[in-house]
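Here is a quick tour for anyone opening this structure for the first time. Have a look at the model, then read on.

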Amino acid sequence: MENVATSVRIKGDAIGVLAELSEKLGQSKAQVIELALKQLEERMFWDEVKDSFEKLAADPEKMAEYRAEAELWEAGTGRDLVGEEW
């Protein structure tokens with residue numbers, strides 16, 4: 001995705017918070033917004049991962065399948081390869 005400058009309208013309170021964070025972090029307002037977006041995206045990703053594992057844990061049959069597959073993957077790691085260092 002190419003970098004395109006654009007403007008977005010936000011409320012005055014948010015502008016104040018943005019200016020404050022910009023000063024505290026020693027970064028431009030644009031950098032603060034980019035950082036905040038990256039952190040929000042990461043938090044949402046991990047929330048989805050957590051929710052998925054909670055759903056998995058709530059289904060004993062699916063959890064047993066998951067554990068069986070995890071055991072297969074663990075059994076196939078490089079630990080058992082002779083002469084190979086990992």
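## The overall layout

A word on terms before the count: helices and strands here are DSSP runs, with at least four residues needed for a helix and at least two for a strand, and they are numbered from the N terminus. With that in hand, the protein has three helices and zero strands. Keep in mind that this is a predicted model. Starting at the N terminus, the order of elements is simply α-α-α.

What about the surface? The protein exposes about 8400 Å², and carbon and sulfur atoms supply 56% of that. Among its 86 residues, 7% count as buried.

## The largest pocket

How much space lies in the largest pocket? The figure is about 720 Å³. Its lining is made up of 21 residues, and the ones nearest the centre are Val-8, Ala-30, Ile-33, Glu-34 and Leu-37.

Two helices, α1 (12–25) and α2 (29–57), each bring at least two residues to this lining. The largest share comes from α2, which supplies seven residues.

## Aromatic pairs

Searching the whole structure turns up two aromatic pairs. One of them joins Phe-45 and Trp-46: the ring centres sit 4.9 Å apart and the planes meet at 80 degrees, so this pair is edge-to-face. The cut-off behind that label is an angle over 60 degrees between the planes. As for Phe-45 itself, it has a relative accessibility of 44% and therefore counts as partly exposed.

Phe-53 and Tyr-66 also form an edge-to-face pair, with 5.7 Å from centre to centre and 80 degrees between the planes. This pair links distant parts of the chain, since Phe-53 belongs to helix α2 and Tyr-66 to helix α3 (residues 60–75), with the two residues 13 apart.

## Salt bridges

How many salt bridges are there? The count comes to two. One of them is formed by Glu-20 and Lys-24, whose closest N and O atoms are 3.6 Å apart. Both residues belong to helix α1, and because they are four residues apart there, about one helical turn separates Glu-20 from Lys-24. On accessibility, Glu-20 comes out at 47% and so counts as partly exposed, whereas Lys-24 reaches 64% and counts as exposed.

Glu-54 and Lys-50 make a salt bridge too, with 3.4 Å between the closest N and O atoms. This time the helix is α2, where Glu-54 and Lys-50 lie four residues apart, about one turn of the helix. Glu-54 has a relative accessibility of 43%, so it counts as partly exposed.

## Helix α2 in the picture

Helix α2 turns up in several of these sections. It gives the largest pocket seven lining residues, it carries Phe-53 of the pair with Tyr-66, and it holds both Glu-54 and Lys-50.

Methods
Residues numbered from 1 in each chain as written. Predicted model: local features only at pLDDT ≥ 70, side-chain atom pairs only at ≥ 80, totals over all residues. Heavy atoms only, no water. 1 Å grid on protein atoms, 1.4 Å probe; cavity = no way out; pocket = protein on both sides within 12 Å on 5 of 7 lines; lining within 4 Å. Points joined across faces, edges and corners; volume = space filled by probe spheres on them. Phe/Tyr/Trp six-rings, centres within 6.5 Å; stacked < 30°, edge-to-face > 60°. Buried < 20%, exposed > 50% of the residue type's maximum accessible area, 1.4 Å probe, protein only. Salt bridge = Lys/Arg side-chain N within 4 Å of Asp/Glu carboxyl O. Areas by Shrake-Rupley, 256 points an atom, 1.4 Å probe, with all protein chains shown as cover.
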